[in-house]
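Subject: Handing over the structure

Hi,

Here is the structure I promised to pass on to you. Have a look at it first, and then read on for what turned up in it.

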Amino acid sequence: MTARSRSSRINPAMVYGLHQTLVKGLIWGSIFSIALATYRSPLRAVKALGALKRFWTAYLDRHREVKYARVAGRYYWGQNAPGWPSRTFVTFMRNELHRVLPQEGRTRSLQTMVWAITGKCPLRCQHCFEWDTLNQPETLSRHDLMQIAARFQERGITQIQLSGGEPLARLDDVVAIITSAEPGTDFMLLTSGYQLTRENAERLKQAGLTSVNISLDHWQPEAHNAFRGFPAAYQWAEKAAKNAREAGLLVCLSLCATTDFVTRDNLRAYARLARQWGVGFIQVLEPRAVGRFNGREVALSPGQEALLEDFLLALNHDPAYRDFPLVTYHGYHQRRMGCFGAGDRYLYVDTFGNVHACPFCRKPNGNCLLEPLVDLVSRLQQTGCHQFASAAE
């Protein structure tokens, strides 16, 4: 990739250079304070920080961080990690510290829950993994939804991603879930942009929503509309990004990187558009043969995987792209470290309350309204991910 002119765009304050270095120092100072409060021993706190840095170095594949996204007074280095400073950041770091240096009597906590709160959706997306259950009658009441959120909060969850279907088909229930939640959990909305007006974006922000992840599968409007099966899908996404950004929400884009899309030129154009829209993160998802893609040859070639990895490395670590959005590409880390799903750091809950390893590993392991979460998570951890079970295997 090559950087282009940085004129005529609106983007969140991408923090880099000396500013990023100073903020990074403050973040690690905050983590050390959390470690001291957690272990009540300077030696154990230093040991925990060393283990945490080794994990983070491995996760970054020894590449250097060059920027953060700054929105509403918080600094973000990862789409699935809470911004600093915040109460949720403290909970998140305690969870991570207990992973690298466990304490007696403290169980390992989940970090993220991806949750389909509805099967309703006005779109007909080519890749929809909920295709077989789309637009069926709702089975979970508002009370059920609030109860599920509370149960996961009791387990120390730090991020709940509200998905569907289209979650804004249940806007009032989304607001109820967020406003009824205890502090210490960030909420992200996974949306097509449907009904994300400025008024609704402000309402969600006031309720406590932190970020939105808007599906955009092509930089060309007609191609995105065709993929989503709706003539106004691109317009929805564009307006939603603007409304969410102006409401003070972190804006992310989610790209299903199909074999037809993954070329160097398309990735360049997508990155430029995301920067112009004021996006903090681009999430890249590899297509899986589930849902409407079931039985189809949708896997990327090794060459296309390499292109996506180059895309991640350029935007995240090359100073020439320091004012571009950060990239989240799960496949890159899965191939090196194993899957973080299946009850490790995250899991998926469907529209019936059933628990799965992730949105693409569809095998119910019990219902979170009927069984203790500790049992459900334990079974998921034993089953693991069907494709990326372990980095060591």
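Strands β5 (residues 159-163) and β6 (residues 186-191) run parallel and are joined by 4 bridges. Within this pairing, Q161 stands opposite M188 of β6. Please keep in mind as you browse that this is a predicted model.

Both strands belong to an open sheet of 9 strands with mixed pairing, and its order is β10-β9-β8-β7-β6-β5-β4-β11-β12. At the edges stand β10 (326-329) and β12 (355-356); each has a single partner strand, so one side of each is left without a neighbour in the sheet.

The bridge partner of R70 is Y75 in β3.

Now to the helices. How do α1 and α3 pack against each other? Helix α1 (residues 17-39) meets helix α3 (residues 87-100) at an angle of about 65°, and their axes are 10 Å apart. That makes α1 roughly perpendicular to α3, because angles of 65 to 115 degrees count as such. The crossing of α1 past α3 is right-handed. On the α1 side, the contact includes I27, I31 and I34, while the α3 side includes F89, M93 and L97. Sorted by class, this contact of α1 with α3 has 9 nonpolar, 3 polar and 1 charged residues.

Another helix pair worth a look is α10 (residues 302-317) with α11 (residues 330-337), which pack at an angle of about 105° with their axes 9 Å apart. That makes α10 roughly perpendicular to α11. Here E305, E309, L312 and L313 of α10 meet Y332, H333, R335 and R336 of α11. By class, the contact of α10 with α11 has 3 nonpolar, 1 polar and 4 charged residues.

If you like aromatic rings, a search of the whole structure finds 10 aromatic pairs. One of them, W56 with Y59, is stacked, at 5.3 Å centre to centre and 15° between the planes. W56 and Y59 are separated by about one helical turn, because they are 3 residues apart in helix α2 (residues 42-59). Both also belong to one aromatic cluster made up of F55, W56, Y59, W77 and F89. F89 is also on the α3 side of the contact with α1.

Finally, some backbone details. Most residues other than glycine have a negative phi, and most peptide bonds are trans. Where does this model depart from that pattern? A cis peptide bond joins W84 and P85, with omega at about 0°, and P85 is in the loop between β3 and α3. Another cis peptide bond joins G164 and G165, where omega is about 20°; G165 lies in the loop between β5 and α5 (171-180). R40, in the loop between α1 and α2, has a positive phi near 55° and is not a glycine.

Enjoy exploring!

Best wishes

Conventions
Residues numbered from 1 in each chain as written. Predicted model: local features only at pLDDT ≥ 70, side-chain atom pairs only at ≥ 80, totals over all residues. Heavy atoms only, no water. Axes fitted to C-alpha atoms, helices over the stretch in contact; angles between N-to-C directions. Helix = DSSP H or I, 4+ residues; strand = E, 2+ residues; numbered from the N terminus. Parallel < 35°, antiparallel > 145°, perpendicular 65-115°, else oblique. Left-handed = near helix turned anticlockwise from the far one by under 90°. Contact = heavy atoms within 4.5 Å. Nonpolar A, V, L, I, M, F, W, Y, C, P; charged D, E, K, R; others polar. Pairing = 2+ DSSP bridges. Phe/Tyr/Trp six-rings, centres within 6.5 Å; stacked < 30°, edge-to-face > 60°.
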